[in-house]
Amino acid sequence: MPELPEVETTVRGLVPVLEARRLVSVEARRPDLRRAFPVDLRQRLTGARITGLRRRAKYGLLDTDRGDTLVFHLGMSGRWRIDPGELGPHDHLLLETDEGRRLALNDPRRFGSVDLVATAALDDYEAFAKLGPEPLGEAFSADTLGAALRGRSAPIKALLLDQRIVAGLGNIYVCEALHMAGIAPGRAGGRISRPRLTRLVEAVKAVLVAAIEAGGSTLRDYARPDGELGYFSRQWRVYGREGEACGCGAPIRRRAEGGRSTFFCTFCQR
């Protein structure tokens, strides 16, 4: 599933094509993805100008001059394609700009979603209403993380994946950040010291920045809007490396929990 770096990379890739452009054509080529497209999507977006592009958690946002924001989620396999030569069966939403550029939202598994929300009401949008702070923002700090974890006995990995504690983190980048911070994924969140929380926050930010710079991580279907793959997988410290040597020389281990794999080093992470 595309995580925060992949969505951030996607949004940045759309900026040169969409920012300040007017949409002259909007076509939903099927009625739904994970849920139905808004019934008035075409009417509300055709003729609208894109005034800004941004990300919230794992969602991309396209603001318009009509006071609406298109909110998209890439699901398991979604990606935007810029100026596709031919349309395929999985190109489900098409946008055309006044400059003659075309974008296709491609989603083979159809686990993604598209909503149209009044920009002024975004904070109340169901998917955003209970989200924690953005991990790359100033609101995510050792103080705020410590307050959210206080008294919690659940494993730190599970708590970091809780979108109410911090928004947008996914399995790959939590595994990587915990290894960088030297914290065992099973350690109780409420029992992590302040110095280690500081180290963890710094690791989360460093891992995300590096991943964005590398274009994210391509596992199966993900690609950037320009068709390029994400190359952060070449920098993975532990994720997907079961049995290989950690930087310390100890073997990297994998543990399956709730349908997810946790990768870690028992020597480096305590």
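User: How many aromatic pairs does a search of the whole structure find?
Analyst: The model is predicted, so local features need pLDDT of at least 70 and side-chain atom pairs count only at pLDDT 80 or more, while totals for chains, interfaces and linings use all residues. Residues are numbered from 1 along each chain as its sequence is written, and side-chain values use heavy atoms, without hydrogens and water. Rings of Phe, Tyr and Trp (its six-membered ring) pair if their centres lie within 6.5 Å; planes under 30 degrees apart are stacked, over 60 edge-to-face, and the rest tilted. Searching the whole structure gives a count of five.

User: What kind of aromatic pair do Trp 236 and Tyr 239 form?
Analyst: The ring centres of Trp 236 and Tyr 239 are 4.9 Å apart. Their planes make an angle of 80 degrees, and the pair is edge-to-face.

User: Is Tyr 239 buried or exposed?
Analyst: Buried means under 20% relative accessible area, exposed over 50%, and partly exposed in between (1.4 Å probe, protein chains only). Tyr 239 has a relative accessibility of 14%, so Tyr 239 counts as buried.

User: Which residue forms an edge-to-face aromatic pair with Tyr 239 at 65 degrees between the planes?
Analyst: The centres in this pair are 4.9 Å apart.

User: Which residues form one aromatic cluster with Tyr 59?
Analyst: The cluster has Tyr 59 as one of its members.
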